[in-house]
Amino acid sequence: MPADSIIFLSVLFPLQSFQGSQGRAYLFNSVVNVGCGPAEERVLLTGLHAVADIYCENCKTTLGWKYEHAFESSQKYKEGKFIIELAHMIKDNGWD
């Protein structure tokens, strides 16, 4: 695997339905080879959250976001976790 590839660590939460800006997305406990932008408050499908966009350290493509803070108690389990959109997990650029 190339050193500039994104490596997803941890377990997907496939029983939960997540929607990213470009379609289906998955929740991860941790990721590597990504940078994190500044946190901002956004109203998502599940309510108000403070999130920070995450991007590929190599190509700077925005991949999803990190949940910094959930304002609703039912959403607290997302804090510190990462959403990666499926559109950014599909190999379509010729990686070996």
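Colleague: How many bridges join S6 to strand S7 (residues 62-70)?

Modeller: There are 7 bridges between S6 and S7, and the two run antiparallel. Strands here are DSSP runs of E with at least two residues, numbered from the N terminus, and two strands pair if DSSP finds at least two bridges between them. Ile-54 stands opposite Gly-64 in S7. This is a predicted model, where local features need pLDDT of at least 70, side-chain atom pairs count only at pLDDT 80 or more, and totals for chains, interfaces and linings use all residues. Residues are numbered from 1 along each chain as its sequence is written, and side-chain values use heavy atoms, leaving out hydrogens and water.

Colleague: What lies between S6 and S7 in their hairpin?

Modeller: There are 5 residues between them, and Lys-60 in the turn has a positive phi of about 70°. The side chain of Lys-60 also meets that of Glu-57 in a salt bridge (3.8 Å, N to O). A salt bridge is a side-chain nitrogen of Lys or Arg within 4 Å of a carboxyl oxygen of Asp or Glu.

Colleague: Is S6 mostly covered or uncovered?

Modeller: Mostly covered: 7 of the 10 residues in S6 (residues 47-56) are buried, where buried means under 20% relative accessible area, exposed over 50%, and partly exposed in between (1.4 Å probe, protein chains only).

Colleague: Which residues are linked in a network of salt bridges?

Modeller: Side chains of opposite charge can pair when their charged atoms come close. Here the network links Glu-40, Arg-42 and Asp-53.

Definitions and conventions. Helix = DSSP H or I, 4+ residues; strand = E, 2+ residues; numbered from the N terminus.
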